[in-house]
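Please have the sequence and the model open.

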Amino acid sequence: MCSSAVLEQSLSGSDVPANEGMLVAAARSGDAAAFECLYRAYCSRVLGLCLRMTRRRDIAEDCVQQTFIRAWRSLAAFEGRSAFSTWLHRIAVNEVLMHQRNRENRSELDHSPNPRSERFSSGEAGADEPLQYQPAGKERDAGEVMDLERALASLPEGSRHVVILQAVYGYSHEEVADMLGIAVGTCKAQLHRGRKLLRKRLGLSELDT
Amino acid sequence: MTEHEPDQLDARLARLDRNIEPVRDLWPAIAAAIAEPVPHTRDAGSTRWFSSSRFHSGRSWAIAASLLLMIASSAVTYVVTQRSMQAEVIRARQAVAQQLQPVLAVMPANFGGQMQMDAEYSRAHAVLDAQFAVALQSLPVPERARLERSVGDLRRAARELSAMLAEHPSDPLLQELLLSTYQNELGLLARVNGLQSATSLGADL
C-alpha cells in the first residue's frame, strides 16, 4: 500500500513525484504498492483530463480506472522517453476515444438520461447545473472558472478535445494530433474554431487575439 | 497582440485547475484488476487478444496433440498389424463378415416408424449372442470382463434409447442412435465370435 508519508515524499510539492523513476521501476517489477503511489500522484490529473473530455463523471472515472489498469499492464512498454504523466495522458485519451467510439457504435445519445450528479456541467447539456467540483483558487474567481468550464463543455467534441489538451494541459499541436489520431492541420483548425467559440460564449473580444 | 502573446482567453484557460479529485476512491477496483495474473509485456488491447488467443491456441494445441496421438497410434497399429498379423486379420475380417451377414441381412436401414426389430432380427441376434457367450469362455478373465462390460454398456444404451424413443417415436435422431447402438452391439459380438473362429482356424492351419 502507498502510505501517505511515501506519497507526500513522492509529491514533495510538485506535480511530479520526486522519486517517480524509482516508483515506475518498482511498479514495472510488479510492485503494486509503488504503482498505487503513482496512481495517487496522478489520478486527479488524469481525472481532470477525462472529465473535461467526456463531460460525465461516471464515464470519466471508468476511463481513469481503465487508464491505470492499462498502464499497469503496459509498464514494460514504457521506455521513459516521455514523462510518465504524458504517457498516462496518452492512454487516458485513448480510453476516452475508445469509449466514445463504442458509444457511437451503440448509437447512444449524449443527452441520454443520466443522474444529475453524474453529469459534468455543460453549456449544451445541463449548463444550468452546478459544477461537480470546486476549483482551487480564490472564491471571486470561482464564477469565472465555472463560466469557462461551461463554455469548454459546450464546445463541439473535436474542438473541445483539442482545446483541452493544448490550451489547458499544454501539449503541442504535434502531440495533440498524435494523441487524437488526427492531422496537425486539423488540430490547428479545431483549436482555432474552439477558441473562437469560447471567446464568443465568454463574451471576450475578438480583438483580444 | 501577437500570436505568441497570451491573451485573456489563454490566461483564463491557464488558470484552470488541471487536477480534479475523484469523489470516490478508484484504487480498489484498479487494485483488484491488476491483481489478476496478466503478462506485463503488452498493452491492454493486445493483452486481451493475447489471452484469448493463448486460450484458443492452448485448446487447439491440446486438440491437435490428441489428434496427432490418435493418428500416430493408429498408424503404428496399422503397420504392426500389416506386418505381423496380416493373415490373421484377414481371416478375422472374413469371419466377422460371415458372422454378421445373416444379421445385417435382416437389420433394417432405418426403423421406418417402428421402435422394435422384427422376429428375424431377434433370432439372428440370439444366435450371435449365444456364440458370443461361448467365445467369451475361451478368453482370459480380464479380456472377458472388458468385453462383457462393453456389451453391457451398449445394451443399457439401447434400452435407454428405446425408452426415449417410446416417448418421441418420430424423432429421427433417436432412431438413428438406437439403430447405430444395435449395429455396434452386433458388430462387437460378431468380431469376438469371428476372431475366436479365426484364431481356431489359424491354430488348425
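## Helix α5 of chain A

In α5(A), A:F84, A:S85, A:L88, A:H89, A:I91, A:A92, A:V93, A:N94, A:E95 and A:V96 are buried. The model is a predicted one. These buried residues pack against four helices of chain A: α2 (20-28), α3 (32-54), α4 (57-73) and α8 (173-180).

Helix α5 of chain A covers residues 84-105, which is 22 residues. At 1.5 Å a residue it should span 32 Å.

## The contact between chains A and B

Chain A gives 36 residues to the contact, and chain B gives 27 residues. On the side of chain A that touches chain B, the elements giving two or more residues are α3, α4, α6 (139-153), α7 (157-168) and α9 (184-202) of chain A. The largest share comes from α3(A), with 9 residues.

## A:R55, between α3 and α4

A:R55 sits in the loop between α3 and α4 of chain A. A:R55 is not a glycine, yet its phi is positive, at about 70°.

Is A:R55 buried or exposed? A:R55 has 24 other C-beta atoms within 10 Å. The cut-off for a buried residue is 20 or more, so A:R55 counts as buried.

Note on methods: Residues numbered from 1 in each chain as written. Chains lettered and ligands numbered in written order. Predicted model: local features only at pLDDT ≥ 70, side-chain atom pairs only at ≥ 80, totals over all residues. Expected span 1.5 Å × (residues − 1). Buried ≥ 20, exposed ≤ 12 C-beta atoms within 10 Å, placed from the backbone. Contact = placed C-beta atoms within 7 Å.
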